[in-house]
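Student: I would like to learn how to read the surroundings of a ligand. Could we go through an example slowly?

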Amino acid sequence: MSSVLKVTSVTQKFGGLKALSDINMHIEKGEIVGIIGPNGAGKTTLFNIITGIYNPTEGKVELGGEDITGQKPHVIARKGFARTFQNIRLFSKMSALDNVIVGMHGRTSVNLVDAIFHTPKKRREEKACGARAEELLRLMDLWEDRYALASSLPYGKQRRLEIARALATQPKLLLLDEPAAGMNEQETEDLLHMVQQLKELGETVLLIEHDMKFVMNVCERLYVLNYGELLAEGTPAEVRGNPKVIEAYLGKEDD
Ligand SMILES: Nc1ncnc2c1ncn2[C@@H]1O[C@H](COP(=O)(O)OP(=O)(O)OP(=O)(O)O)[C@@H](O)[C@H]1O
Ligand SMILES: [Mg+2]
């Protein structure tokens, strides 16, 4: 079976700067994989290439065996990627529930006629959407907050709501860019449990994260980027014991 994601020899140049250099990676169904590396290592750039925001200077990106290199972000999203961003992007004046339902838009087969005349198909879809939204909000422990405006939720919950919304599209691959960033210890702990639940549900996740405890606890495999190069890959234990990684990254505890 083809990998959910396969990145082959990807290089990204911005003018004279080589942000990524000959990157190879793959993610299999049901895996939770992490990308770590110091600031400016190229982590977000790699996400932007995977999701079609950048067309790589060289190399190939495949989703489920299909070459999607250079396709537009909305086209790629429809093929099965969902992501969250380093900074929060919610519909702040909408409820938590509506934020999730909006995430489902484009995933239903209801057309305009169905919608206007409230056909049985439309009612069935609505019920299915409602059930899925409830499932996701419960999963992210936000069900009690479903009618709260997104902007009124505390930071940790807003970040979880973003994940719920991304999951609403039923992605083949969920990409999380620093999901624990800015969270306090308790919020990080809560998020850790939720991502572990995603794993049990069989979701496939690629996440960027600086919080080492989080990464080491939740990811089965890690890729380490440094100055745009793939420095190491392997299980958290392998990566933690890799002298190159210790020197470049883990050694600098004050980072
Ligand atoms: N659109 C762009 N144009 C020019 N340079 C860019 C662009 N995007 C990123 N870069 C540069 O590419 C390098 C990698 O940046 P990137 O944002 O991918 O790093 P990162 O690993 O996500 O860092 P952080 O941990 O700080 O989020 C940096 O030197 C950055 O300045
Ligand atoms: Mg980044």
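Student: Which residue has a polar side-chain atom that lies 2.8 Å from an oxygen atom of ligand 1?

Tutor: Such a pair is called a polar contact, meaning two N or O atoms within 3.5 Å; here the residue is Thr44, whose polar side-chain atom lies 2.8 Å from an oxygen atom of ligand 1. A side-chain N or O atom of His210 is 3.0 Å from an oxygen atom of ligand 1, and for Ala41 a polar backbone atom is 3.2 Å from a ligand oxygen.

Tutor: Please keep in mind that this is a predicted model, in which local features need pLDDT of at least 70 and side-chain atom pairs count only at pLDDT 80 or more, while totals for chains, interfaces and linings use all residues. Residues are numbered from 1 along each chain as written, chains are lettered from A and ligands numbered from 1 in written order, and side-chain values use heavy atoms, without hydrogens or water.

Student: How many residues surround ligand 1?

Tutor: A residue is near a molecule if one of its heavy atoms lies within 4 Å of it; 15 residues surround ligand 1, with Gly40, Lys43, Thr44, Thr45 and Gln86 the closest.

Student: Which helix gives the most to that shell?

Tutor: Helices are DSSP runs of H or I with at least four residues, and H1 gives the most, with 3 residues.

Student: How many residues of H1 are buried?

Tutor: Buried means under 20% relative accessible area, with a 1.4 Å probe and protein chains only; in H1, 7 of its 8 residues are buried, including Lys43 and Thr45.

Methods:
Polar contact = N/O pair within 3.5 Å; in protein donor to acceptor, adjacent residues only side chain to side chain. Helix = DSSP H or I, 4+ residues; strand = E, 2+ residues; numbered from the N terminus. Buried < 20%, exposed > 50% of the residue type's maximum accessible area, 1.4 Å probe, protein only.
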